[in-house]
Amino acid sequence: MSGARNLSNALRRARVPRPRIILRPTLLQSPAATAVRTFSGSSTVRADKQIKYTSDAYPNVKRDPNFGELTADDVAFFKELLGSQSAVVDGVTTDATDDLEPFNSDWMRKYRGHTRLVLKPQSTEEVSKVLAYCNERKLAVVPQGGNTGLVGGSVPVFDEIVINTSRMNQIRSFDEASGVLVADAGVILEVADQYLAERNHLFPLDLGAKGSCHIGGNVATNAGGLRLLRYGSLHGNVLGLEAVLPDGTIVDALSTLRKNNTGYDLKQLFIGAEGTIGLITKVAIICPPRAKAVNVAYFGLESFEQVQRAYREAKGQLSEILSAFELMDGRSQRLVHESTGSKQPLEGEYPFYCLIETSGSNAEHDMEKLESFLENVMGEGIVADGVLAQDETQFQALWRWREGITEALSHLGGTYKYDVSIPLPELYQLVEDCKQRLTEKGLVGDDDSFPVRAVVGYGHMGDSNLHLNVSVRQYNKEVEKAIEPWVYEWIQKRQGSISAEHGLGIAKREFIGYSQNDTMVKLMKQLKALYDPNGIMNPYKYI
Amino acid sequence: MASGLRILVPIKRVIDYAVKPRVNKAQTGVETVGFKHSLNPFDELSIEEAVRLRERKGPLKVENILALSAGGPKTPDVLRTAMAMGADRAFHIDIPEAGDGGPEQLTIAKMLKGVVEKENINLVLLGKQAIDGDQGQTGQMLAGLLGWPQATQASKVEVKDEAGTVEITHEVDGGVETLRAKLPMIITTDLRLNQPRYASLPNIMKAKKKSLEKKTLADFGVEDTRRLKTIKVTEPPARQGGGKVEDVDGLVSKLKELGAL
């Protein structure tokens with residue numbers, strides 16, 4: 001049997017141009033190095049250019065003079081504490097510039113820090129001792145997982161010590177009856193999901209960077225992803241966690257209970273805190289059973305009004321089996337086509353495309369529902385054309401048209417990314433307005449004299465979450481000024497959120513006021529001061 | 001004789017190739033219940049090629065594309081897929097699902113011979129093998145039974161003239177071989193032949209209205225007799241996993257431990 005299955009694997013390779021994750025930073029140890037290869041292959045403009053230091057890009061941000069300076073004694077202490085040679089990347093007493101580079105910069109090549117020390121503790125106790133020492137010496141730290149963030153939250157700005165979770169990568173327990181998984185922060189999302197797949201369960205979070213990102217980082221940034229529509233946010237799915245406060249206190253809130261009304265729900269503070277009040281070391285998360293029947297359909301639509309109608313129909317008719325409703329505009333799909341060379345699933349070109357996924361327990365039941373839905377949206381003329389995946393190959397190939405956008409854009413140059421929540425009726429208007437604004441300023445064009453290549457929009461329609469991406473030939477202050485703070489003001493007017501799922505990091509730190517009022521910001525600052533009085537946890541970011 | 005192409009595309013519903021098959025407890029075959037099934041990938045290629053022969057508008061018009069599959073009550077699923085891709089009509093040869101791999105290839109080939117004769121077929125496009133049984137012999141047996149020329153593992157199919165001359169390219173060790181034959185003939189398909197299309201929604205709808213006839217082996221004068229007996233099915237021995245070392249020192253000591261240094 002294996003012979004032809006191998007051949008059919010070859011077939012898959014022929015049809016899906018790349019395995020899903022190969023061009024993302026797959027190795028934890030060298031995320032940026034992989035990204036560099038990616039860029040040098042396709043983008044001659046920026047291939048040899050160094051990434052700009054974040055401290056140069058943000059001249060207003062000054063190194064906090066209260067923080068201690070790393071000494072050889074500190075390094076010796078950490079080496080002694082962590083034992084193994086591979087647990088410390090030492091740029092203080094040796095020249096380790098190349099080894100430090102992947103930890104200093106992000107995969108988008110947008111942020112770059114000056115760290116001279118990376119620590120990779122293996123246990124909660126080690127993290128506790130490291131943080132207690134750093135707190136004592138007032139040494140600033142940056143918690144780092146897979147370093148796949150989009151807002152510069154996981155890379156240092158100045159000489160903060162990077163505490164990388166990659167060596168805390170054990171799955172601790174899984175209970176088949178309740179579906180609760182307990183795992184270390186450094187477990188890679190895809191590894192966790194594969195582990196669960198073998199046990200017929202599913203990690204309730206899925207996103208494009210799953211091959212690299214760590215679940216600790218996912219929780220720390222409250223990542224949303226592709227199936228939030230169905231399974232809800234991490235604030236609901238994370239039942240418990242273990243974290244270490246800056247003074248070394250281990251917060252054991254690793255409850256596996258669904259219900260626990262005893263006092264403040266403190267674990268929620270760490271979810272989405274981006275490592276500013278503590279470092280998450282373990283996570284307990286409730287996982288739903290893996291759907292036995294999954295179907296994927298891909299549509300072309302003539303207008304955003306039709307997209308909204310299709311979404312309403314999908315909710316009404318597919319209701320409990322609907323697991324994703326994703327929106328991609330025509331330009332984004334064209335860029336994926338340009339970058340991958342794959343043949344587009346539909347014959348004609350449409351201004352909007354949607355990807356619908358259903359997951360259920362009974363294939364016949366699901367198919368019946370899906371078919372009547374498809375008949376309806378085709379018959380009513382809501383959907384202009386579409387395809388339905390007939391097998392696993394097509395299923396994955398169709399998903400690539402949505403998941404591959406980020407990667408396609410990164411091949412073509414830099415990207416200004418805005419991840420926003422806006423009330424559904426105006427969701428796409430932002431892309432139109434932004435495009436018009438940049439065109440009027442003469443920044444958008446087809447040849448290299450224009451800084452902006454394209455303004456595209458895509459996102460999680462089901463969560464009113466749009467990704468506005470401005471694909472540029474190189475990062476450029478003029479473009480940035482044209483977009484910011486205009487885009488934030490636009491969102492504020494509509495009571496939207498300037499960061500739906502990517503977080504604040506350094507990129508959106510100063511714009512929090514557009515989505516949170518003064519009282520809220522004040523309360524947040526009080527919390528930060530309470531748990532991290534020396535401010536050593538992920539400084540210069542968040543609030 | 002060849003006024004137009006009347007193509008027969010026999011197809012098979014198999015466990016989706018992305019699913020890892022599991023041997024059943026009785027060790028008589030693989031578990032099929034509850035696993036995702038789809039059209040055998042090689043058969044997808046033969047349907048696609050039949051539809052492309054029509055779209056190419058070559059010297060011979062395609063009169064009719066008949067998709068056919070033998071199997072249990074779910075078989076119509078793949079026949080509908082075939083019709084959504086462009087087949088005109090379909091035969092479902094009803095065979096009760098038994099979990100024993102179904103009828104033998106010779107039985108299928110004899111049945112296909114019956115279909116070819118009754119339906120006046122002049123070109124049979126088959127996948128070179130089904131990924132469940134990996135037998136890869138139905139096409140050849142059919143050619144033998146009919147006494148027709150056969151071209152296996154085609155990577156290119158071209159109808160040259162109105163007289164029904166067909167040129168087929170297939171890959172051989174160290175190069176490609178080009179064969180020429182006259183209709184009627186048998187062609188089996190290989191991976192490089194084409195890239196199957198997606199079934200579009202309008203075509204899926206249309207496929208529901210196309211004719212799907214239910215038949216039995218007896219309609220073609222064939223009986224499901226078996227010559228082979230499956231004694232035992234087992235999984236290949238599990239591969240020993242690799243190990244991870246922390247650093248260079250770890251690697252060196254591991255290599256020493258294994259006696260490689």
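## Basis and confidence

Residues are numbered from 1 along each chain as its sequence is written, and chains are lettered from A and ligands numbered from 1 in the order in which they are written. Because the model is predicted, local features need pLDDT of at least 70 and side-chain atom pairs count only at pLDDT 80 or more, whereas totals for chains, interfaces and linings use all residues.

## Overall build of chain B

Chain B contains six helices and 12 strands, where helices (H or I, at least four residues) and strands (E, at least two) are DSSP runs numbered from the N terminus. Its C-alpha trace spans about 75 × 40 × 40 Å along the principal axes. Of the 261 residues in chain B, 42% are buried, a residue being buried if 20 or more other C-beta atoms lie within 10 Å of its own, exposed if 12 or fewer, and partly exposed in between. Among contacts in chain B with a separation of 6 or more, 71% join residues 24 or more positions apart.

## Helices α3 and α4 of chain B

Helix α3 (residues 105–119) and helix α4 (residues 138–146) of chain B pack at an angle of about 50 degrees with their axes 9 Å apart; axes are lines fitted to C-alpha atoms, for helices over the stretch in contact, and angles run from 0 to 180 degrees between N-to-C directions. The two helices are therefore oblique to each other, given that angles under 35 degrees count as roughly parallel, over 145 as roughly antiparallel, 65 to 115 as roughly perpendicular and the rest as oblique. The residues of this contact divide into nine nonpolar, two polar and two charged (Ala, Val, Leu, Ile, Met, Phe, Trp, Tyr, Cys and Pro count as nonpolar, Asp, Glu, Lys and Arg as charged, and the others, Gly among them, as polar).

Within α4(B), B:Thr138, B:Gly139, B:Met141, B:Leu142 and B:Ala143 are buried, and the buried residues of this helix pack against α3, β6 (123–127), β7 (150–159) and β10 (185–189) of chain B. Just after α4(B), B:Gly147 takes a positive phi of about 70 degrees.

## Helices α4 and α6 of chain A

In chain A, helix α4 (residues 72–82) and helix α6 (residues 124–137) pack at an angle of about 165 degrees, with their axes 10 Å apart, and they are therefore roughly antiparallel to each other. A:Asp74, A:Phe77, A:Phe78, A:Leu81 and A:Leu82 of α4(A) meet A:Glu126, A:Lys129, A:Val130, A:Tyr133 and A:Arg137 of α6(A). The residues of this contact divide into six nonpolar, no polar and four charged.

## Contact between the chains

The contact between the chains takes 27 residues from chain B and 28 residues from chain A. On the side of chain B, β3 (37–39), β11 (199–200) and α5 (201–209) each supply at least two residues, and the largest share, four residues, comes from α5(B). The residues on this side divide into 14 nonpolar, six polar and seven charged.

Notes: Two residues are in contact if their C-beta atoms, placed from the backbone, lie within 7 Å.
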